Amino acid sequence: MNTTEIEMQSDLDQTNWTEITPRALYDKCFTLAHNLWWSWHPEVVSLFRDLDPVKWRKLDHNPIALLSEMTPEELAARAAEMVLYTRINQAHRRLKDYLSRTTHTWGARHTGVLGSKPVAYFSAEFGIHESVPIYSGGLGVLSGDHIKSASSLGVPLVAIGLFYDQGYFKQHLDTDGYQQEEYLDTKVENLPMKPALGPDQQPITVKIDTRDGQLLAKVWLMQVGRVNLYLLDCDVEGNSPQDRELTSRLYGGDHRTRIRQELVLGVGGVKALRALGITVGVYHLNEGHSAFAPLEVVHQRMEDDGLTFDDALREIAHRTVFTTHTPVPAGHDRFDAELIEEHLGPLRDQLGISAEQLMGLGRVEPQNESESFCMTVIGLKLSRRANAVSSLHGHVSRGMWAHLWPWRVEEEIPIGHITNGVHIPSWLAFPMLQLYDRNLGPGWQKEMGDPAIWEGIYNVDPGELWETHHALKSRLLDFIRRRYSRQCRRRNEEDHIVEGARNILDPNALTIGFARRFATYKRADLFFRLLDELAELVNDPQRPVQFIFAGKAHPADAPGKELIRKISNLRRDPRFTGRMVFIEDYDINVARHLVQGVDIWLNNPRRPMEASGTSGMKVVLNGGLNCSILDGWWAEAFNGKNGFAIGNGNQHVDDEITDSRDVENLMDVLRNEVVSLFYDRDLDGLPRQWIERMIESIATCASRFSAHRMVIDYVENSYLPAAGGRSSDMSIR
Ligand SMILES: *Cc1c(COP(=O)(O)O)cnc(C)c1O
């Protein structure tokens, strides 16, 4: 919606807004707050913010928490003062339209057979908005982006996850720079969810038998646009005190906690779908965490129609799609036979298979008793269609799992790829959205998955693009200063440091962002190998460079925490003071600020360990440039002029040699390409060639790495064949 539309609308509404009672106005806001649709509509976000900007920030941008601190009368008074009536009415009407206009969507035209039988999308985490803390990182954000795009495209899909009442941890660094984890209880009443009801309008509790007794889980419903997200929660009466905490934390606990969570997600999830009366067409297992699910579906199939295990399995595998997300071995859950028997034993009895047969489903060599049960292996075995998340990752995964199909050559391994993408409206800064409105035409958002729409960006005025970027960069620096001075205060640092924090970083200096999980393969410390050279680069008086870091290490990852300590403590090295900052508690909010304001997004993982990576895609949309190892998505995105590549895509068999080569290449590209292009200004002060790269980056990557394109790929190459019974194509290429 553009501003003229708002103005016209306000003329229309002027006559009747006073007739709305405070209660009715409050109810409209309440409705808006209870569908996460609001989170990707900037005009609704700003509406909530305008109700009380200070509280909005304090309450983690949570509109339900905000409304709970206001009476309808206070809200009405505030709305009158801010002239918000029209905006509230407008937003409310748009949400209603969005939810009811299902026949005009892409999905209505293209998802034929799925219509009455939706896709059930299983994921252990969903990153939808910072106020709903049930995600830890990339996998969750990807799942959130997937369901948002499915919603807007009108793809019939329901999502299944777990409700973690403490979510993932909040990160603080102590005075020594060491990561401290804090788990906070989320107030259920402040989340946009309610008990999911079955066909009889009663709340649902699913029961899962283990050898050690029964596990119960209740089911919540969260609305994400048109998509229903069902979240299972073990905090119910009837569970032991220990089991009531089973789903408290994301990726916490030991192996037993993990398998129990995965049992609830997979088996419990399938039971929940049945209790809800949902007939599923296709099961999509997003990563191995949910890979027990098909076993329960097979069980239901056997029970309903008297099929044998083998026949039911063949049919269900046909309707199951599996996505693998990482080549890193620790990313693939493994369980020993004892844990499997304890948790899957009762289901195994129902399936009529032996313990050896069950273990065999999770092993590369079914008879090999020394092999543990791997969730990725069972995921691959129980699905007819499997995919990796970038072209390179597809290649790597085929090699990695080739021994599952020893009679095939690598090209015939049935693992294809669908490259990840990001949900554009969630990651796009409002000023960039306005710039696209002006340059791509007002209808561009409806066609944003179409590359042709983005051609319009070649006509943008370079000055306009640069100014927009500069404004966003200033906004980022304001955010960093505020956060950083708060961090210093919290650590009880001296007053002059806290004060100084308010002025760190230079809005005109080349600003490089590096934010991601501190997993060791991501090599956040690569540059330490040439620290002196980096110091020179950073301190160049004419062409200074500054860095912003952020990211969490898994609580059990001591080397990851050590990396964070090393980097954050560079603030005490005079060469880097005020030029290298570490921002605590990387989450969707911090990510949004960073990707919208940096000049350069740096990514230097050890190839080929980064399956895809998505943060760099978010940067593209906002006019930042990627400087990355040719790994994951960047290996297929880089065309020589839409950003920067570190190295040439080769890796040595010896990691040590790879690392030292890569850091040389990193310093080379920073010095000779990045810094020199950034500071090469024309008479108007514009870095012309840099801006050309920004344009090229947007034109070549925005639609190609969007979640809309990704979801369309899943529908066409994976969901429809799985639903329609076409049996010839086993893989997605
Ligand atoms: C996008 C995002 C990620 C994923 O980024 P990678 O490029 O895969 O490292 C992780 N965490 C948050 C909060 C994100 O927004």
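# Ligand site and domains in a predicted model

Q: How far is an oxygen atom of the ligand from an N or O atom in the side chain of Lys618?
A: The model is predicted, so local features need pLDDT of at least 70 and side-chain atom pairs count only at pLDDT 80 or more, while totals for chains, interfaces and linings use all residues. Residues are numbered from 1 along each chain as its sequence is written, and side-chain values use heavy atoms, with hydrogens and water left out. Between the Lys618 side chain and the ligand oxygen, the distance is 2.6 Å.

Q: Which residue has a polar side-chain atom 2.5 Å from an oxygen atom of the ligand?
A: A polar contact is a pair of N or O atoms within 3.5 Å. An N or O atom in the side chain of Lys522 lies 3.1 Å from a ligand oxygen, whereas the distance of 2.5 Å belongs to Ser615.

Q: Which domains each give at least three residues to the shell around the ligand?
A: The chain is divided into domain 1 (3–100), domain 2 (106–420 + 712–723) and domain 3 (425–705), with bounds from an automatic or database domain assignment. Those that each supply at least three shell residues are domain 2 and domain 3.

Q: Which three residues supply 71% of the area that domain 1 buries against domain 3?
A: The C-alpha centres of domain 1 and domain 3 lie 34 Å apart, and their contact (heavy atoms within 4.5 Å) takes four residues from domain 1 and six from domain 3. Together they bury about 450 Å² (accessible area lost on being put together, summed over both), with 57% of it on carbon and sulfur atoms. On the domain 1 side, the three residues are Trp40, Pro42 and Arg57.

Q: Where does Pro608 lie?
A: The peptide bond from Arg607 to Pro608 is cis, with omega near 0°. Pro608 itself lies in the loop between β18 (600–603) and α25.

Conventions
Polar contact = N/O pair within 3.5 Å; in protein donor to acceptor, adjacent residues only side chain to side chain. Buried area = accessible area lost by both parts, 1.4 Å probe. Helix = DSSP H or I, 4+ residues; strand = E, 2+ residues; numbered from the N terminus.
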